[in-house]
Amino acid sequence: MKFGKEFESQMVPEWQAAYMDYNHLKTLLKEILRFKQRTKPPPLTTPVGLKRKMTMYRAFSGLTQKLAKSPSGAAGAFGDIEDQVILVRAMQSDDQGLSDVVKYQSNFLMLAEEGGEYELLYFRRLDDELNKVNKFYRDKVDEVVKEANKLNKQMDALISLRLKIENPNKVFENFDHQAEMTRLASDVAASTDKLKASTPSARTTKRYMDVIEEVELSNRGDLDNSGTESSTDTEVNEPKTTNSSVHEEKPDSIKGSKPTPLQILNRVKLNNTFETPRSTIKGILKIPMHKNLNLTDLRKVEGQLKQAFIQFYQMLRILKSYSFLNLLAFSKIMKKYDKITSRRAARAYLNMVDNSYLGSSDEVTKLMERVEATFIKHFSNSNRHKGINILRPQAKRERHRITFSMGFFAGATTALIVALILIIRARRILNMPGSTQYMETMFPLYSLFGFVVLHMVMYGMNIYFWRRYRVNYPFIFGFKQGTELGYREVFLLSSGLAVLALISVLSNLDMQMDPKTNSYKAFTELLPLGLVFLVLAITLCPFHIIYHSSRFFLLRSAFHCISAPLYKVTLPDFFLADQLTSQVQAIRSLEFYICYYGWGDYKRRKNTCNGNDVYNTFFYIIAVIPYWSRFLQCLRRLYEEKDPMQGYNGLKYFSTILAVVMRTAYSMSKATHWQVLAAITSAIAAIVSTYWDLVIDWGLLQRKSKNRWLRDKLLISHKSVYFGVMILNVLLRFAWLQTVLNFQVSFLHRQALIFIVASLEIIRRGIWNFFRLENEHLNNVGKYRAFKSVPLPFNCDYDEDKAE
């Protein structure tokens, strides 16, 4: 793979604009190459070439004679002349407030040569890229250092809480604080020395994460003087004026003592993150949380802080990768320049890159060392292998057996569909008297699997296109690294479920048509119910099989949707709730399962559910539940975020609830007044929802955009795709017209027509999914948002450098 493609594939998608623009610089080099090819001198074998050869020989002879007389020698002088292609220098920024930032500039010394303006343009753009990358990296390092300072205080509070809960009497009564701190200091020092011995390339200079370790509860001044090097011994390649501001925030030699555990706990309090229904209700009613912390609270705090450290370490890894990739890109592009122009400018320029903050700063490396040492000691019981595996999860590998199994089940699904069509045609099942009864009873049962399989196929297609257009869907959804499903896994699951459903359908048909098994009516009717139980058993299976992490992620999000608004609303929760709004007919199929099997209709092969008042009442309720869940989620976000747009979004779902209720009432009574109400409410809901889809969720229909009626940034290069999906979304949004206008198709049964309309809604939702996440991804890109904000357990508002 060429470096340009490899470089692009390893970029953080949200930071793509912040990386060195390798492709543009490569384009400038191609312009230089084309110019040199156009002005290439004639071959030396031609008369003009022979004359040029003699001129070059005389000039070279005169140059060698001068060099021979030079005291420095021919070789050294010749090398100096060849190296003087560019003059590189670093200078202070003239921007207000950026006096400590260094800007780099290179002066091209060969401008008088033919085509020199092309190379001058190349170096100016190269300098711009270096300054851009250097500033971005510096800003991000400052951010992680500030985050490290927050984690410092969080760890101080955690250690104090541990001491209080695990030693309630000793800590505050007969506890020898200095002796305990000395023991903890020796343990931490031994753990850190062992870590540094395993990473010999790391420097030993003390940095900002010292206070994370338990040793920070003791006197810092003594430990700094005895256990670490002075800050004056630190190697810094960049001039002193470019030192990061974090050196001033956190000097190495800190005098004074640390507050005692009791003093620390008196200055902090647990944050109420509304993570449970109980805490949510207490927060709304403003009931104070209990102050008597116990071991359960400690474990919860440890879990939250553990996740914060994991996320923080991922931030550091991304920053380190950013630095490495950009340094490698500068090296590659300068080597290409030297090769094309036959100059020797790479050494001088790369030396300037190495001396920049991007190349010389080791803040991230040192923070990574401290985080590793702290995490291993405090969150993995000093088990280095376990701790590193948690901090550095293995990248997910594509397995050939997944692809093979997916292809096998996809082929089996196709074969079973063909077999089902041939059996229906050969036996003329549609013309038999029992076909209507079958469509009223068995078809709604099996249609449930059709809806689920179709939605999974659409989701698999979404993942394929998200990956193709580099939409960072694992980050957006918050999947644990290495556990996210790819499109192959989703297609494997969907095709496997389709095979099971089709086998059940064929078995049911065969047993009904065979005189020997026709008497086993009750048994044949139980096949779809058995398949439902099998799917539920696999979904709820607690063992680590069949994508355990993804299954429980789905179950957790589904539980949050059902429990709305008692849980904090995250993107996976409301995204799943939106999916459920397109699966209303599938949820009604589940209701039919309960009625058909619970009331014994399966024994008589008759559908008496429609005449039951309880069933009809829940027929309304079931259809409303997904929209009601989204409505409550919008109210929760309106309460927390104070964003009026969430209120408008809630009104949109409330209008849809009214439309669904009116359409359901009309489908049951066929009265004219219900038809009018259904048409009015459905039209209002469809118009509002369509506008929300296109403008809010997709970010389209912007008149002042450079892509008229679209967005400024588009992932798909063909603009016609966006206009096509907008038109398709409008058409599919108005599929409810079939219900209100009561369209009838002579060769389709009513249940088949309902299935088709419901499938169209699932397809519309699948299309919506791609553009909804595309817009979310572009918003993250615009804000360079590549990290998740993890809620911290403690609210720390004290100054750790001041002793009481």
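I take a residue as buried when its relative accessible area is under 20%, and as exposed when that area is over 50%. The model I am reading is predicted.

**Entry 1. Backbone at Arg-605**

I looked up Arg-605 first. Its relative accessible area is 13%, so Arg-605 counts as buried. I placed the residue in the loop between helix H26 (601-604) and helix H27 (613-641). I then read its backbone torsion: phi of Arg-605 is near 55 degrees, a positive value in a residue other than glycine. I noted this because most residues other than glycine have a negative phi.

**Entry 2. Backbone at Tyr-784**

I turned to Tyr-784, where phi is near 50 degrees, again positive in a residue other than glycine. Tyr-784 sits in the loop that runs between helix H32 (750-782) and strand E4 (794-796). Is Tyr-784 buried or partly exposed? I found a relative accessible area of 31%, so Tyr-784 is partly exposed.

**Entry 3. A cis peptide bond**

I checked omega between Ala-564 and Pro-565 and found a value of about 10 degrees, with a cis peptide bond joining the two residues. I recorded it because most peptide bonds are trans. Pro-565 belongs to the loop between helix H23 (548-562) and helix H24 (571-581).

**Entry 4. Cysteines**

I next read the torsion about the S-S bond of Cys-595 and Cys-609, which is about -110 degrees, so the disulfide is left-handed. I also noted that Cys-595 and Cys-609 are both buried.

I looked at two further cysteines. Cys-541 has 13% relative accessibility and therefore counts as buried. Cys-561 has a relative accessible area of 4%, so Cys-561 is buried as well.

**Entry 5. Helix H2**

I examined helix H2 (residues 22-38), which has 17 residues. From its first C-alpha to its last, H2 reaches 24 Å, close to the 24 Å expected at 1.5 Å a residue.

Which residues of H2 are buried? I listed Tyr-22, Leu-25, Leu-28, Leu-29, Ile-32 and Phe-35. Looking down the axis of H2, I found that its buried residues fall within an arc of 145 degrees, so they line one face of the helix. The spacing can be read against a general rule: an α-helix has 3.6 residues a turn, so residues three or four places apart point the same way. On the other side of H2, I found Gln-37 and Arg-38 exposed.

I then asked what covers the buried residues of H2. The cover includes helix H1 (3-9), helix H5 (116-166) and helix H12 (295-341).

Definitions and conventions
Residues are numbered from 1 along each chain as its sequence is written. This is a predicted model: local features need pLDDT of at least 70, side-chain atom pairs count only at pLDDT 80 or more; totals for chains, interfaces and linings use all residues. Side-chain values use heavy atoms; hydrogens and water are left out. Helices (H or I, at least four residues) and strands (E, at least two) are DSSP runs, numbered from the N terminus. Buried means under 20% relative accessible area, exposed over 50%, partly exposed in between (1.4 Å probe, protein chains only). A disulfide is a pair of cysteine sulfur atoms within 2.5 Å. The expected span of a helix is 1.5 Å times one less than its number of residues. The arc is that of the directions from the helix axis to the C-beta atoms. Contact means heavy atoms within 4.5 Å.
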